[in-house]
Amino acid sequence: MCGIVGYIGENCASPVLLDGLKKLEYRGYDSAGLAVVENGEVQVVKTKGRVADLEQKLQESKPLSGTVGIGHTRWATHGAPTDANAHPHTGGNGMVTLVHNGIIENYIALKSMLETAGYTFVSETDTEVLAQLFAYYYKGDAVAAMRKVMQTVRGSYAVAVLTKDCPDRILAAKKDSPLIVGKGEGENFLASDIPAVLKYTRDCYLLNDGEIAVLEKDRILFFDSTGAPLQKEIYRVTWDAESAQKGGYKHFMKKEIAEQPKAVRDTLSPRIVNGKVELPELHLTDGEIRAVGKIHIVACGSAWHVGMAAKYILESLAGIPCETDLASEFRYRDPIVREGDICIVISQSGETADTLAALREAKRKGAHTVSIVNVVASTIARESDDVIYTMAGPEIAVATTKAFSAQLAVVYLLGLYFARAVGRLTEAEEQAKCASLLELPAQIEELLKLDEEMAKLARQFSAAKNVFFIGRGLDYAISLEGSLKLKEISYIHSEAYAAGELKHGTISLIEPGTPVVAIATQEALFEKTLGNIKEVRARGARVIALVSGEHKEVSEFADEVIHIPQADATVTPSLDVIPLQLFAYYMALERGCDVDKPRNLAKSVTVE
Ligand code: G6P
């Protein structure tokens with residue numbers, strides 16, 4: 001999703017801005033631009049394409065030496081990715097220059113009001129409306145103009161603004177879109193995400209909705225939505241900038257796949273004490289858990305697949321009815337949520353717009369909200385009643401891997417915790433389940449050794465036009481993830497089906513040579529899935545089967561068999577997903593795709 005950077009200090013701004021934009025590339029974008037104050041004038045350079053294209057354009061134009069500037073990577077929402085639609089945008093004949101993340105919902109009405117007042121527009125964006133609106137209200141007091149803008153617009157935004165008459169200041173504000181301020185010595189920074197400033201400072205301020213920041217070289221002022229000055233506390237970043245780099249791997253995705261044993265271990269081990277799950281983050285009594293009518297699970301994308309697995313896991317362990325919803329559906333379908341229900345919200349970024357809205361909806365209706373989030377102090381983390389952090393570290397590749405695995409780990413912990421609370425788990429059973437959880441990191445490590453085998457399979461299957469993933473129960477939940485991983489990075493059409501459902505239509509697409517990945521690691525359902533493998537094989541499918549344990553009979557019906565270590569049925573998703581991630585990764589490589597930044601996708605989707 002779009003990225004914002006800002007710099008004010010004594011150094012040349014443009015290299016700092018470019019460097020920050022590169023750190024934000026992982027968010028997904030399709031154009032880039034920056035604005036630098038040059039001798040009292042604001043110079044804008046912007047282009048569709050990559051930050052490298054912007055860099056090229058800057059080299060070809062007059063060098064910029066100004067020490068104040070803002071930059072942006074845009075992921076198109078209103079208007080195609082073109083030079084004109086790229087940010088920064090200007091307002092008031094160049095008086096105002098602005099970059100924006102988010103969506104202004106009432107921009108059409110505002111645009112027509114401004115057009116009537118004589119303002120003209122050169123782009124199709126909602127952001128240009130924001131720039132002109134700011135100019136419309138600006139009478140020399142930038143904070144007052146910003147407040148008026150914030151009172152007038154509806155929607156989400158993180159904005160950074162330069163005004164020509166006051167070139168030694170950057171103004172920033174946010175609502176429903178992240179923005180942080182980095183505090184330096186004689187220089188200050190602005191960014192939509194911490195990695196963009198980590199090279200320069202670890203001292204950050206996290207802006208809350210409705211707050212305004214004024215950055216000068218030597219000081220930072222904060223105001224609340226009424227315009228009153230605010231004192232904010234510094235958030236010191238403790239994680240390492242190194243961990244946001246590729247660390248010797250060819251791609252972030254590969255590095256993050258390899259980091260999964262650690263991500264799972266770091267998420268599980270501190271919460272398993274003497275064979276017992278401890279979740280001090282959870283502020284629910286056993287009585288409250290016993291009284292829960294329903295658990296609502298909401299998320300988007302891969303996190304929703306964790307939610308699909310969570311339904312099976314929580315229902316079977318704790319016996320509490322669970323419903324898993326796509327956040328974008330949940331938020332608008334007036335869901336039946338009762339006082340005392342629990343709503344589990346799963347999000348790597350903690351900023352996904354639909355997931356955040358679903359969280360607010362559940363909260364409004366009286367649910368106790370528990371979020372499973374990777375990014376510390378993100379909006380979802382801050383707004384939920386309880387947050388259980390996944391300890392995956394920063395995830396850069398757009399296709400999630402280690403955050404997904406860490407989310408699953410939290411789900412197992414919650415399942416055991418709830419099961420104990422409702423009296424469905426004896427001490428001995430909990431000890432045994434915890435022991436099997438603690439074996440997961442080593443088992444994942446073992447599965448990572450399938451690397452060469454999956455690369456070989458990818459060489460055989462990379463020309464496929466359609467791939468199908470089938471499985472039952474938890475194997476179905478993981479089929480969804482295997483299929484999404486493959487299609488999002490290799491651009492091969494792929495679908496996941498509950499194995500028993502395939503014959504109700506989709507089986508007509510199976511023709512000789514069509515690859516079918518069959519996940520058959522749920523022992524209790526093995527015979528059933530084997531039946532479905534036979535059905536597709538009879539129609540000429542090339543079957544890759546994932547099985548747990550021996551199951552020699554499978555090789556009679558499958559072209560390739562991947563053996564998954566035997567484990568408690570509940571935790572097999574954590575194991576199955578590893579070869580599927582590797583398969584997707586090598587398929588994408590074989591096809592020459594941009595693995596870390598697949599086309600049209602964003603890491604953090606902060607628009608609905
Ligand atoms: C985007 C990402 C997916 C992710 C989904 C939800 O679509 O590309 O990998 O699963 O958003 O993101 P979240 O940050 O809420 O987990």
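In helix α7 (residues 260-268), the residues Q260, A263, V264, T267 and L268 meet K402, S405, A406, A409, V410 and L413 of α13, where contact means heavy atoms within 4.5 Å. This is a predicted model, in which local features need pLDDT of at least 70 and side-chain atom pairs count only at pLDDT 80 or more, while totals for chains, interfaces and linings use all residues. Residues are numbered from 1 along each chain as its sequence is written, and side-chain values use heavy atoms, with hydrogens and water left out.

**Packing of α7 and α13**

- The contact of α7 with α13 divides into seven nonpolar, three polar and one charged residue; Ala, Val, Leu, Ile, Met, Phe, Trp, Tyr, Cys and Pro count as nonpolar, Asp, Glu, Lys and Arg as charged, and the others, Gly among them, as polar.
- Helix α13 spans residues 402-421, and its axis lies 9 Å from that of α7 at an angle of about 30°; axes are lines fitted to C-alpha atoms, for helices over the stretch in contact, and angles run from 0 to 180 degrees between N-to-C directions.
- That angle makes α7 roughly parallel to α13, since angles under 35 degrees count as roughly parallel, over 145 as roughly antiparallel, 65 to 115 as roughly perpendicular and the rest as oblique.
- The crossing of α7 past α13 is right-handed, that is, the near helix is turned clockwise from the far one by less than a right angle, anticlockwise being left-handed.
- Helices (H or I, at least four residues) and strands (E, at least two) are DSSP runs numbered from the N terminus.

**Packing of α4 and α5**

- Helix α4 (residues 126-137) and helix α5 (residues 142-152) have axes that come within 9 Å and cross at roughly 125°, which means that α4 is oblique to α5.
- Helix α4 also passes α5 in a right-handed crossing.
- On the α4 side the contact is made by L130, L133, F134 and Y137, and on the α5 side by A142, A145, M146, K148, V149 and T152.
- Eight nonpolar residues, one polar and one charged make up the contact of α4 with α5.

**Salt bridges**

- The count comes to 36 salt bridges, each being a side-chain nitrogen of Lys or Arg within 4 Å of a carboxyl oxygen of Asp or Glu.
- E55 pairs with K22 in a salt bridge whose closest N and O atoms are 3.0 Å apart.
- Because E55 lies in helix α2 (residues 51-60) and K22 in helix α1 (residues 13-23), the pair ties together parts that are 33 residues apart in sequence.
- E55 is partly exposed, with a relative accessible area of 24%, and K22 is partly exposed at 37%; buried means under 20% relative accessible area, exposed over 50%, and partly exposed in between (1.4 Å probe, protein chains only).
- K232 forms a salt bridge with E211, with 2.7 Å between the closest N and O atoms, and both K232 and E211 are buried.
- R459 and E452 meet through their side chains in a salt bridge of 3.4 Å, N to O, and R459 counts as partly exposed at 45% relative accessibility.
- One network of salt bridges with shared partners joins K174, D209, R360 and E383.

**Surroundings of V181**

- V181 lies in strand β9 (residues 180-183) and is buried, with a relative accessible area of 0%.
- Leaving aside neighbours within four places in sequence, the contacts of V181 include F189, L190, Y205, I220 and F222.
- The C-alpha atoms of V181 and D126 are separated by 24 Å, the two residues being 55 residues apart along the chain.
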